[in-house]
Amino acid sequence: MSYRKRNIVGLSERKFSVESLTRLYEEERIHFPQLSKERTGISDKEIVSELLEAIQDGIPMPVIYVSELQNGDFLILESKDRLRYLLQYVKGEFAVSIETELLERDSVYFCELDERNPRLAADILRTVFILQIIDYQTPKYRHMEVGLFHEKWSVEREQAIRNELYKGQEIEDLKHTSEKSADIMYGCERFSYTLRNEYMTLYMMLFGGVYNDILRVDNAMNEQELLDITISGIDKNVEAWKDLLGVIEIGSRAKIRTINRLSAYYMHLRDVKCKAKILGSLVCYYDMLRIRTENIDDMVEGIVKNRNYIQQIKTTKITVNNIHLLLNFGREFIR
C-alpha cells in the first residue's frame with residue numbers, strides 16, 4: 001500500500017443553522033484565516049446583501065469545507081468569506097442594505113431587522129449551511145489539498161490557513177526566518193512583513209532542504225506533503241536555516257534584488273508561485289557559487305533568463321525529482 005493511500009481524507013457532513021454557527025462563533029470555536037481583507041471587487045456588505053436575497057428566495061446556501069482542529073474547533077476553508085461576513089452581520093458588526101415587501105431599501109443592523117422584520121430575521125437564523133468537516137486525524141497536508149482543490153485561494157489566504165493548521169513553534173520559527181530573509185533581501189525600511197513573504201520563504205526552505213539533503217523526503221511525495229515535511233523539520237534544522245539566511249545574504253550582496261526587476265521583465269513571474277520556485281532555486285544556485293568572488297550575479301541572472309529554465313519554472317510541479325532537475329540545470333549552467 002502506498003504512502004498516499006494510507007493517508008486518505010477523513011470527511012463527515014453536518015448541518016448547522018446560522019443561529020448555531022453564530023453561537024459557536026461567539027464562543028470562539030469557529031476560526032477564520034487571519035489576513036487583511038482581500039481585493040475581490042465586492043464588499044462585505046454586498047456579499048451579505050446577496051446572501052440575504054438568496055435566503056428570501058429560498059436558494060440553498062453553499063457547501064463549506066472546514067478543518068476540524070484537535071480541540072474540536074472549526075477552521076473555515078472558504079475563499080469567498082460568505083459565512084464570515086454573515087456571522088459578523090448577525091453579531092451586529094455592520095449594517096447592510098436590504099429591500100423586502102415590509103422594508104424599504106435601507107441599511108439596517110441585524111438587531112434592527114429583528115424588530116422591523118422579525119420573519120426575515122428568523123429565516124436568516126434558521127438558514128442551514130452544510131459543512132464538510134475534515135477530521136483532525138487526517139494529516140494536515142491533506143486539509144490543505146482539500147481546500148486548494150475546492151477553493152480558489154490567494155497565496156496570502158493559503159499561507160494564513162496553513163499558519164492556523166500548523167500553529168505552534170514551527171510556524172513561529174517560519175515567521176522569524178521570513179522576517180530575517182525579507183530584511184536581508186529588501187531592507188526593513190522598504191519592506192512590510194506579509195504572508196506572501198512567509199509563503200516564499202517556506203519554498204526557499206523546501207528547496208534548500210532538498211538541496212542539502214536535510215529533509216526526509218521521497219519521490220512519491222507531492223507539493224503539500226513536501227511543505228508539511230519542511231514545516232515539521234523547522235525546529236530540528238535550526239542551524240541549517242541559519243545557514244540558509246547566510247546564503248540569502250551572499251545573494252543579497254550579489255544583487256539578489258534583481259529578481260524584482262526580472263519579475264517585471266517576465267510577465268509570468270508576477271505569479272507568486274513561479275516567483276517562489278525561482279527564489280527557492282536561486283538560494284541553491286548562490287550556495288553553489290559560494291567559492292566564486294566575481295560575476296556571481298551575472299551568472300545567476302543568466303540562468304533565470306534562460307528559455308529552458310523559464311519553461312521548466314512555468315510547467316514543473318513541485319516534487320523531489322523536479323526540484324533536483326531545476327538544481328541540475330543550474331549546475332550544468334555554472335560549469
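Asn306 caps the N-terminal end of helix α16, with a side-chain oxygen placed 2.9 Å from the backbone nitrogen of Asn308. The model is a predicted one, and the distances and accessibilities reported here are computed from it. Helix α16 comprises residues 307-315, of which Tyr309, Ile310 and Ile313 are buried. Viewed down the helix axis, the buried residues of α16 fall within an arc of 100°, and they therefore line one face of the helix. An α-helix has 3.6 residues a turn, so residues three or four places apart point the same way. Arg307, Asn308 and Thr315 lie on the other side of α16 and are exposed.

A search of the whole structure for salt bridges returned 11. One of these joins Arg84 to Asp81, with 3.1 Å between the closest N and O atoms. Both Arg84 and Asp81 are buried. The two residues also belong to a network of salt bridges that links Asp81, Arg84 and Arg157.

A salt bridge is also formed between Glu164 and Lys167, where the closest N and O atoms are 3.3 Å apart. Glu164 has a relative accessibility of 16% and therefore counts as buried, the cut-off being under 20%. Lys167, in contrast, is exposed, because its relative accessible area of 60% is over the 50% limit.

In a further salt bridge, Lys273 pairs with Glu223, and the closest N and O atoms are separated by 2.7 Å. This pair links distant parts of the chain: Lys273 belongs to helix α14 (residues 272-288) and Glu223 to helix α11 (residues 223-232), the two residues being 50 residues apart. With a relative accessibility of 25%, Lys273 counts as partly exposed. Glu223, at 17% relative accessibility, counts as buried.

The structure also contains an open sheet of 5 strands, arranged in the order β1-β7-β3-β4-β2 with mixed pairing. Strands β1 (11-17) and β2 (30-31) form the edges, and each of them pairs on one side only. Within the sheet, strands β3 (residues 64-68) and β7 (residues 128-134) run parallel and are joined by 4 bridges. Tyr65 has Gln132 of β7 as its bridge partner. Helix α7 (residues 140-150) lies across β3 and β7, and runs at about 170° to β3.

How values were computed:
Residues are numbered from 1 along each chain as its sequence is written. This is a predicted model: local features need pLDDT of at least 70, side-chain atom pairs count only at pLDDT 80 or more; totals for chains, interfaces and linings use all residues. Side-chain values use heavy atoms; hydrogens and water are left out. Buried means under 20% relative accessible area, exposed over 50%, partly exposed in between (1.4 Å probe, protein chains only). The arc is that of the directions from the helix axis to the C-beta atoms. A polar contact is a pair of N or O atoms within 3.5 Å; within protein, one must be able to donate a hydrogen and the other to accept it, and residues adjacent in sequence count only if both atoms are side-chain atoms. A salt bridge is a side-chain nitrogen of Lys or Arg within 4 Å of a carboxyl oxygen of Asp or Glu. Two strands pair if DSSP finds at least two bridges between them. Contact means heavy atoms within 4.5 Å. Axes are lines fitted to C-alpha atoms, for helices over the stretch in contact, and angles run from 0 to 180 degrees between N-to-C directions.
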